[in-house]
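These are my notebook entries on one structure. I set down each item that I looked up.

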Amino acid sequence: MALPNIVQAGHPVLRADAAPVPADMLGTKRLRDLAATMTEVMRKAPGVGLAAPQIGLGLALIVLEDAESLMSRLGPDERAARGRVAFPLQVIANPALTTHGAGRATFFEGCLSVPDFRESVPRAQKVTVRAQDVNGKWYEMTGEDLLARAFLHETDHLNGKLYMSHVSALKRALMK
Ligand code: ZN
């Protein structure tokens, strides 16, 4: 089966609120297959995260992964500068985020739906996500630095937001 294309900025699905993954879809083969397809699309891109709206589906579902192989070209200094830490594949349904404290970190961020742009974006440094796994089981996970940034970036996609909305109006004007 051909993989779906990644929806690009300008498409209305990226500006809409995603609907929760319904209870009767949790634990089904349909949801596992969807998560597997999203994982394939993310790995092929390659990227470290993908939200369902990015394949045109307004559902609160995210996949995240930062594999060692994606970082193999980076030296230790570059990894540190980019805040890269490997994290295993996570499938996240119906997430709610809580940020910890006032700590902010600013790093370059890109998006598979906004090709050829990277911009530095301030984000909360530490975030806890409460979400359901593909079987509907609730869990909590706390992430810092790149993982926190990935939670925030992908959850924004479920709220119809692109990372550009966190960049100042002046910077946005200069990017045009
Ligand atoms: Zn994105």
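How exposed is aspartate 145 in relative accessibility? I found 33%, and therefore aspartate 145 counts as partly exposed; buried means under 20% relative accessible area, exposed over 50%, and partly exposed in between (1.4 Å probe, protein chains only).

I noted the basis of the entries. The model is predicted, local features need pLDDT of at least 70, side-chain atom pairs count only at pLDDT 80 or more, and totals for chains, interfaces and linings use all residues. Residues are numbered from 1 along each chain as its sequence is written, and side-chain values use heavy atoms, with hydrogens and water left out.

I looked up the backbone angles next. Aspartate 145 is found in helix α4, and its phi is near 55°, a positive value in a residue other than glycine. Helices (H or I, at least four residues) and strands (E, at least two) are DSSP runs, numbered from the N terminus. Aspartate 116, in strand β5 (residues 114–124), also has a positive phi, near 70°. At 82% relative accessibility, aspartate 116 counts as exposed. Most residues other than glycine have a negative phi, and most peptide bonds are trans.

I then recorded a cis peptide bond between alanine 45 and proline 46, with omega about -15°. Proline 46 lies in the loop between α1 (29–44) and β1 (49–51).

Last, I examined the zinc ion. Cys111 (SG), His153 (NE2) and His157 (NE2) coordinate the zinc ion at 2.0 to 2.2 Å. Donors are N, O and S atoms within 2.8 Å of the metal (3.2 Å for Na, K and Ca); water is not among the atoms, so sites may look incomplete. Along the chain, the donors follow the spacing C-x41-H-x3-H. Cysteine 111 lies in strand β4 (residues 104–111) and histidine 157 in helix α4 (residues 145–158), so the pair ties together parts that are 46 residues apart in sequence. Both cysteine 111 and histidine 157 are buried.
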